[in-house]
Amino acid sequence: MADHYDAVVIGSGAGGGTLARTLAISGKRILLLERGNFLPRELGNWQPFQVHTAGRYVSQDTWYDAAGSPFEPRVHYFVGGATKLYGAALGRLRPADFGEIVHMDGVSPAWPLGYEEFEPWYAKAEWLYQVRGLHGEDPSEGSWSEEYPWPPISHEPLIQQIADDLDRAGYFPFHVPRGIMLDEANPPTSLCIRCDTCDGYPCMVHARADADIIAVRPLLSRLNVTLLVNAEVTRLETDPRGRSVSKVIVRRGTAREEYSGDIVVLAAGAVNSAKVLLQSATDRHPAGLANGSGQVGRNLMCHNIADVVALGEKPNETVFSQTLGINAFYLAKESRRASYPAGHSRRWPLGSIQMLPRDGTDRAVGFRLTTEDLPRPGNRVTIDRDGHPHLAYAATNGGEAAILRRELETMLGHADLRVAADESLVAAGPPADAIADQAGTCRFGTDPATSVLDVNCKAHELDNLYVADASFLPSVGAVGPALTVMANAIRVGEHLAHRLR
Ligand SMILES: Cc1cc2nc3c(=O)[nH]c(=O)nc-3n(C[C@H](O)[C@H](O)[C@H](O)COP(=O)(O)OP(=O)(O)OC[C@H]3O[C@@H](n4cnc5c(N)ncnc54)[C@H](O)[C@@H]3O)c2cc1C
């Protein structure tokens, strides 16, 4: 008989790591299966050549685009998952994101629960991940039941000046909430040394609140939790009736191992969770596990992202620049304060603007523009006979992204900055970079015909299978998905603790 646990959790990233941490407190026996190993602490963590040119931390996977051409996806298989290299910008979705939103390219669907219902788990995730932020600056944000556990990371002088200029012009700049363990009031005790290699680099000093440091490592001393690294789940098998997952099949090196759990939680990331379900097809589930609706792998969303570099008059000596955000164009209609810049296009929701790390150029200041990508059934993950993922994907809302780009240019005029260069991360080619924010391939909902999971993220068709990573998202808004995935993992983890009681 396979080794049996109360719960088997597959994947140790934002979803799986956070859920395991939540459920572990119940004392139930948990097996956490992670395909990668711990990311090594080494000088290469902070070397641009190693990280970006040599791709030292990028997976060895080969995926294929819609035309069947291979590409190397920029995904990272480590304990902590994508959060080992994430920017730790941990913002909430806006309340409007939980409802239906009309976009230029179609409709962003409503969630099966509202912002107010979800809010308590946002607060829990912000406290667990030690987020530095300040509620009340950004008029588009929803209500909050708790203040942030830490004050926001302060702007350095040039960024503060840009913030002041934009504030005077009515753009409501805000401090971006960040999961970075920086204690500005007491520098000697601060883990963060303000190097600003957060986004896209591993943190050598472990000062970033990622799923490895915050969620998984604290579990290692617990007797009720077992972590297996280099353990890739290849398939889920069901009981003869096809109603529950009876075996989790794992590849560890050349060995094949089997485990089982009263509950199985899949959290391998949006593409890989779809892959595992599709690979688990049987006579009872011929299109793949939990896929009677045909929705598994569909509705892949990535965010429509563009990076813009602007030049100012003064040298940019900022070290830590990702502290400033603008949501003045997020919603089609004004939010609580009614004084967004007059005369600007408010017909469409355009997205969010945040600053990028300094790229080393003397007077350059970088901005990242994020526009919502819509769930399209045709944007989907399928697998071939050898189990390789194929991604058919075309970004949506390019028209909104173009308007946001024009609005940025106007806005920067108020801060004496002019645009010098653009780089779209959602170019026509394979989505190798765009998949950083991959989401939506197993969306939750109330209707089994149009969703894979129920409101608790249990597969409609199986009694003991849950999916708790970015796959569950029915829409992604224009905010990084990580905090929402973490909050949902706490929500599902609490549900499971109750169910297993
Ligand atoms: C460079 C970069 C910067 C980012 N910056 C931000 C940011 O600032 N803010 C933000 O909100 N979001 C950011 N993101 C996105 C964010 O990290 C993801 O949205 C989030 O981590 C998704 O959580 P997840 O649980 O779905 O997947 P992951 O966190 O990737 O976790 C999936 C885990 O499953 C493991 N796994 C995969 N397949 C298997 C298998 N078959 N068996 C066992 N284990 C498996 C993986 O190794 C991984 O550990 C960034 C992403 C990247 C790549």
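**Close-up views of a ligand site and its neighbouring strands**

**View 1. The residues around the ligand.** Among the 38 residues around the ligand, those that come nearest are Gly15, Glu34, Ala89, Ala470 and Ala482. Here, a residue is near a molecule or strand if one of its heavy atoms lies within 4 Å of it. This is a predicted model, in which local features need pLDDT of at least 70, side-chain atom pairs count only at pLDDT 80 or more, and totals for chains, interfaces and linings use all residues. Residues are numbered from 1 along each chain as its sequence is written, and side-chain values use heavy atoms, with hydrogens and water left out. The shell holds 20 nonpolar, 12 polar and 6 charged residues. Ala, Val, Leu, Ile, Met, Phe, Trp, Tyr, Cys and Pro count as nonpolar; Asp, Glu, Lys and Arg count as charged; the others, Gly among them, count as polar.

View 2. A polar backbone atom of Ala482 is 2.9 Å from an oxygen atom of the ligand. For Ala88, a polar backbone atom is 3.2 Å from a ligand oxygen. For Pro481, a backbone N or O atom lies 3.3 Å from a ligand oxygen. On its own, the ligand has 1000 Å² of accessible area, and the protein covers 92% of this. Accessible areas come from the Shrake-Rupley method with a 1.4 Å probe; for residues, only the protein chains shown count as cover. Helices (H or I, at least four residues) and strands (E, at least two) are DSSP runs, numbered from the N terminus.

View 3. Strand β9 runs antiparallel to β10 (residues 245–252), joined by 6 bridges. Two strands pair if DSSP finds at least two bridges between them. Glu237 stands opposite Lys247 in β10. The hairpin of β9 and β10 has 6 residues between the strands, and Gly242 takes a positive phi near 75°. Next, β10 pairs with β11 (residues 255–266) in the antiparallel sense over 5 bridges. Arg252 has Ala255 in β11 as its bridge partner. This hairpin has 2 residues between its strands, and Gly253 in the turn has a positive phi of about 65°.

**View 4. An open sheet.** 4 strands make up this open sheet, in the order β4-β3-β17-β16, with mixed pairing. The edge strands, β4 (70–71) and β16 (380–383), each pair on one side only. Strands β3 (residues 63–65) and β4 pair in the antiparallel sense over 2 bridges. Trp63 stands opposite Phe71 in β4.

Notes
A polar contact is a pair of N or O atoms within 3.5 Å; within protein, one must be able to donate a hydrogen and the other to accept it, and residues adjacent in sequence count only if both atoms are side-chain atoms.
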